Amino acid sequence: MTCEELEVFLSKNPTIQEAKALARKLGLKVKKRMKKSEVLKLLQDFAKSLVSQKKEEKASPPQEIRENGLPQSYGSDRLVLLSVNPNLVYVYWDLSSETLSKLSAQKEVLLRLYDVTYIVFDGTNAHRIFEAGVHLSMTRNYYFHVPMANADYLAELGFKAEGKFVPVLRSNVARTPSNTPSTSVRQRWIIKGKRTVKIGEPPLKPVERIHISSQVESGR
Amino acid sequence: MNGYFLLVLHTHLPYVNHPNHDLYLEERWYVEAVLESYVPLLMMFDRLQEKKVPFKVTISLSPPLLEMFRNTTLTEKLKKYAEKLVELCEKEIARANTQQERDLAGFYRERFLACLNYLDSLNGNLANGFKKHAEFGNVQLITCNATHGFLPLMRHQPFAVDTQIKVGVETFKRHFGFEPKGIWLAECGYHSGLDETLKKYGVEFFFVDSHAFWYADERPYFDVYRPVMTPSGVFAFARDPESSEQVWSATLGYPGDGRYREFYRDLGFDRDYDYIKPYIDKSGVRVNVGIKYHKVTSRETPLEKKELYNRDEALSAAKEHALDFLNKKISQINSLTDVFNQPPVIVAPFDTELFGHWWFEGPEFLENFFVEASRYRQIKFATPSEVLEKFDSFQIVTPADSSWGNGGYFDTWLNGKNDWIQLHLVEIRDRMKRLAETYFEEKDPLKTRVLNQMLRELLLAESSDWPFIMTTGTNVEYAVNRIKTHVKRFLDLETQLVKDNIDGEFLARLEQEDDVFPWIEFRYYAAFQTRKEG
């Protein structure tokens, strides 16, 4: 049934029985005690959802779908990760209609957060992975509690197919703030008219990879 | 041996300008801050100078505030407002039942008249008053990032951070005619790498909260009591945790003393509706009018039982507290000197509105503090630039990512109440960058105006005040509306530009309403511009 057909139906002032029958036919949840106005509201909302779906299909500029004057989406295909504090990061996404339909077709849409501290991430070598199931129709963002301050994180939005995670969007890297004093005993000083002076232990070279097998972590 | 004390007053209000309305509810933030804090502080500086009392204060003036200072429509509203208050005081003198009430009404009348005179002496622009003291050398003026945007949440879009700093420095130069040496980063928001951008625009120092030093990459030898140098050669000063606690703690702070003026009991709510109506908000909503006859009395006393304010009594409290604070600072300096065997640097930053607006007697407290301290040798007042001259060596440290907000990180500006704004801010920043690059060579004056206005709308949307208000829960509707308005205006202008269908009238209206930074250049936003300069 198209949106127009539905609107024609609604404009004919149907009886409550007719409205309920149609709503059931469309797969909407109709409760026994519902008033006529409630059933009609249900159908109107459904009609509206058809409109917005249609707009997205046409790939018209998404900013035309406005709530309170602002677009709900810019169709930008973007995953943004921001650190909130040493133990919390925030991630939100904004999807194009293509990506949305691609992901919506999947059974299991997942949001992953990788700990990529001190590594060049190649998709498989994260120190640890956090995962959250995502209902795209209900969720547009997510807060991850993270165990480590002063660590680099990166997020991916994707889906699981045949037990394997397929990333669709990747975020920027975000570093969580530090919340403990440094363990370094090194001191560097600048003295007017002189070079930098170093006191304490020489710095260690950064660790290339913490000794945890990411193979095990990612279940591969 | 002695120690240095740096008083830092951070002065900021979001840009609120509704030129096509009578005094707007939120424009009261500005008129109240001017009448209750800025003018009384400037008058206090004048008195100290006349008395030849040594004092040094670092004052950051945020770009939106400087733009409000020069906004003549707003200045007219401010004057009208003060004149109305004088009128109200006269009615109050006539209706007073007791001599005490009559005296109080008379006190306010004189105070508002003095403010009006003072504004006139500055030709209506408060920046002149601050500049005067900067020229005497008692005040070091510093800038703030463009619209007080919270920088750690923009770090993944470095061109956005860059523009906030550039516009902050530029605004200061345009208003004062000289370069700012230092910056107050909005909300003390710092993230590693920001020092490089500051360096690029000639900023020599900035301020961070204490834990930015405590959790730095290497331990600060002098704790928070000495500025450090960041790897890019910019200096950072950290806040002394004790000073702010002593002055401003909700439970232990001085402003809670029973002799001080009670902020929350105001004529705007006390008087009969018809009588007070001409002096409250146009919509008829009762608001504070700034005339308050009562004292705190005690914390437990309900508002309606508060006793009448006694000015002399309040002033002696301000003196007592100044002495107490001075003693605390001297003993702090003594014990820090014992620990380090070196002179400490104590940095005490506050929001300027604490003095006068929230704490009515705050300016007199500061005045007494400087007067009394002049009798002691242990405590020396200094500006940041002077401190940097005093020492020969500095530790090189990268401060930790931090802010002075609740919890010390970014929670206040990013949480469930305000996270929705990120979608829009991130998007319009990217669009602005793309357009700045596409239209970089654009010569058409109308298109250039559209692009410049888009950058203004973007910057106004970035103000940290809007997400802050959403978190704290007062005036939320206004804050939400402001973000939506600026984003929508940005998008509408973009559509007109791209479709080559520019509505000149619409553009002119936005230029009149959102009229910050008239000299702004949309090309700031081009990424290659950023790289070229860096």
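Two strands are taken to pair if DSSP finds at least two bridges between them. Helices (H or I, at least four residues) and strands (E, at least two) are DSSP runs, numbered from the N terminus. The structure is a predicted model, in which local features need pLDDT of at least 70, side-chain atom pairs count only at pLDDT 80 or more, and totals for chains, interfaces and linings use all residues. Residues are numbered from 1 along each chain as its sequence is written, chains are lettered from A and ligands numbered from 1 in the order in which they are written, and side-chain values use heavy atoms, with hydrogens and water left out.

By these rules, strand β10 of chain A (residues 187-191) pairs with β10(B). The sense is antiparallel, and the pairing runs over three bridges. Within β10(B), F394(B) is the bridge partner of I190(A).

The interface was then examined as a whole. Contact means heavy atoms within 4.5 Å. Chain A gives 40 residues to the contact, and chain B gives 42. The size of an interface is often given as the accessible area lost when the parts come together. Here the buried area (accessible area lost by two parts on being put together, 1.4 Å probe, summed over both) is about 3700 Å². Carbon and sulfur atoms give 56% of that area.

Polar contacts are pairs of N or O atoms within 3.5 Å; within protein, one must be able to donate a hydrogen and the other to accept it, and residues adjacent in sequence count only if both atoms are side-chain atoms. Between chain B and chain A, 23 residue pairs are in polar contact, both residues at pLDDT 80 or more. On chain B, the elements that give two or more residues to the side touching chain A are α14 (384-390), β10 (393-395), α15 (420-438) and α18 (476-498). The largest share, eight residues, comes from α15(B). By class, this side of chain B has 20 nonpolar residues (Ala, Val, Leu, Ile, Met, Phe, Trp, Tyr, Cys and Pro), 15 charged (Asp, Glu, Lys and Arg) and seven polar (the others, Gly among them).

Side chains of opposite charge can pair when their charged atoms come close. A salt bridge is a side-chain nitrogen of Lys or Arg within 4 Å of a carboxyl oxygen of Asp or Glu. The count over all chains is 47. Five salt bridges lie between chain B and chain A. In one of them, D430(B) meets R78(A) at 2.7 Å, N to O. R186(A) also bridges to E218(B), with the closest N and O atoms 2.6 Å apart. That pair crosses between chains, from the loop between β9 (164-175) and β10 of chain A to the loop between α8 (210-214) and β6 (228-229) of chain B. Both R186(A) and E218(B) are buried (under 20% relative accessible area; exposed is over 50%, partly exposed in between; 1.4 Å probe, protein chains only).

Other salt bridges lie within chain B. K200(B) and D162(B) form one, with the closest N and O atoms 2.6 Å apart. K200(B) lies in helix α7 (residues 194-200) and D162(B) in helix α6 (residues 158-176), so the pair ties together parts 38 residues apart in sequence. K200(B) is partly exposed at 25% relative accessibility, whereas D162(B) is buried at 5%. Salt bridges that share partners also join R78(A), E427(B), D430(B), R431(B) and E494(B) into one network.
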